[in-house]
Amino acid sequence: MRSTILVITLTLVFVHIVQSKVGFIKDQAMDAVFPGPVYSQAPSLPVGHMRPLGWQRKADGPIPESGQPLATQEFYERYVSQHKPGVFRNAVVSAPAFDTWQQDTYLTEKYGHLNVSVTVKLAKRKDKIVTAAQSMKLKDFLFNYMYDELYLASGIPRDMMEELPLESSCPRIFTVPFLTLVPPPLLLQLPVCVRCGTISERLVSAQLWMSSGGTSSRVHSHDDHLLHCVLFGRRDFILVEQRHKKAFDFEEDFLGSLGGHSNMNTEMVNAFKFKSILRTPWVWSTLYPGDCLYVPAGFLHQVRSYGRSVSTTIEFAPLTSFDNTGCTLIEEEFVPLSNASFLLAFVNGRVKLADEELTPGKLRHMLVVLMGDLDLLTEAKFSHWYNRVVPQTSYLPDGTAVFDMLTSGEGETTLTKSDLSTLTSKDLQKVADIFNLASSIDDLEGFDADEEEDDKIKQKPHEEL
């Protein structure tokens with residue numbers, strides 16, 4: 001009997017050891033000085049040489065703040081149409097999820113089986129940091145992120161959105177669940193500024209960000225506007241206008257793109273190589289739980305996170321005008337995030353179109369959204385989008401060939417709104433069929449991957465905050 005008890009005890013101890021991470025938890029302090037000091041270490045060295053980004057030149061000031069949540073039209077007029085960033089303090093408050101999300105055990109038990117996208121730091125080189133995005137189970141990320149050099153930067157798995165409740169109301173701020181990772185009845189509040197009117201018709205994606213300790217992103221930008229809200233931890237933002245991107249040896253996502261990145265090591269800036277940094281103006285903000293930041297499309301930004309950091313982002317496409325139809329009617333009604341119409345979904349660790357059955361009308365809307373505020377779509381941007389949502393396979397044509405189906409097929413590089421209006425439903429259906437076939441193929445490939453390689457890490461295109 002005693003020997004049996006001893007065996008059981010040793011077995012439990014072994015299981016506990018196997019299930020426990022060996023190593024040291026990363027520093028969770030959130031008292032870093034920001035903006036950092038600006039000084040020269042020696043007469044022969046440039047200011048801020050081999051110091052973090054921001055130490056090379058004093059900031060031009062903090063990002064303008066608003067202490068009150070803004071209605072959608074006011075948000076558009078004061079920030080979106082003016083292409084100005086803005087900080088909204090206490091825009092997300094009084095949510096039960098703030099208590100529930102303090103522990104990772106719930107997330108592991110409830111959603112640990114789902115695939116998420118994780119960015120892993122592979123190496124540090126002279127002037128840059130090498131990273132790669134991978135897909136892994138949420139439980140594996142939560143097991144490792146307190147110790148290892150990785151952070152979660154993922155779309156929201158569709159499975160999680162289905163649990164969100166349809167209740168509650170709040171004036172001027174609309175209440176929604178914590179994106180997709182909170183079960184009923186846990187609710188979060190997000191600014192009303194993206195819930196109605198033209199902005200709500202141009203939502204691209206919803207994303208989740210999670211990290212531990214001090215993490216630092218690359219300098220990067222996006223083709224779409226961002227509304228970033230912090231739920232836990234602290235996040236420091238550096239913002240730089242797009243016209244200064246050459247100072248960072250910037251690489252565009254595609255020709256003419258507002259999005260892209262720099263491979264500069266933001267923790268140890270080589271001021272000899274990046275000489276223009278010393279003359280580049282920048283603004284900043286520190287976000288704490290409940291705060292949100294609006295980043296206009298094309299604005300370069302760099303982010304540092306401290307402690308156990310959890311935040312969310314809603315991306316929406318640039319627009320030339322705003323129609324507030326419906327905004328006053330739903331001012332105090334609750335609209336859950338699961339009811340929002342995003343162009344993109346995150347399924348089985350992959351980005352794909354949310355609508356798996358495009359019609360000519362839905363395709364036309366998607367193309368208008370991709371045009372942004374320019375009222376034209378380039379072949380380069382369409383192909384970039386196409387490659388993002390369509391799996392690479394011999395069954396499907398490439399992006400250039402599909403774009404030719406929308407134009408004369410004679411090598412045209414742009415599609416205008418006027419051109420789009422002349423396309424017949426038959427023309428558009430041919431293109432829609434390709435996207436629909438891609439969705440069905442992606443579903444089959446995703447099913448096979450789950451069956452055969454349930455826990456295998458898969459390589460994915462890199463995405464940044």
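Student: Okay, how many helices and strands does the protein have?
Tutor: There are 12 helices and 21 strands. Both are DSSP runs numbered from the N terminus, with at least four residues (H or I) for a helix and at least two (E) for a strand. Keep in mind that this is a predicted model, where local features need pLDDT of at least 70, side-chain atom pairs count only at pLDDT 80 or more, and totals for chains, interfaces and linings use all residues. Residues are numbered from 1 along each chain as its sequence is written, and side-chain values use heavy atoms, with hydrogens and water left out.

Student: Got it. What share of the residues is buried?
Tutor: Of the 465 residues in the protein, 53% are buried. Buried means under 20% relative accessible area, exposed is over 50%, and partly exposed is in between (1.4 Å probe, protein chains only).

Student: Switching topic: which residues touch the most other members in the largest nonpolar core?
Tutor: Phe75, Phe88, Phe141, Met210, Tyr294 and Phe316 do, out of 46 residues in that core. A nonpolar core is a set of buried Ala, Val, Leu, Ile, Met, Phe, Trp, Tyr and Cys residues joined through side-chain atoms within 4.5 Å. Apart from it lies another core, of 34 residues, including Val369 and Phe382.

Student: And what does Met210 contact?
Tutor: Leaving aside neighbours within four places in sequence, Met210 has contacts that include Asp104, Phe141, Tyr151 and Arg308. Contact here means heavy atoms within 4.5 Å.

Student: What about Ala271, where is that?
Tutor: Ala271 lies in the loop between strand 13 (260-261) and strand 14 (283-287). Ala271 counts as buried because its relative accessibility is 3%. Leaving aside neighbours within four places in sequence, Ala271 is in contact with Pro46, Val47, His49 and Leu278.

Student: Last one: which helix holds Ser439?
Tutor: Ser439 is in helix 12 (residues 425-452). Not counting residues up to four places away in sequence, Ser439 touches Lys352 and Glu356.
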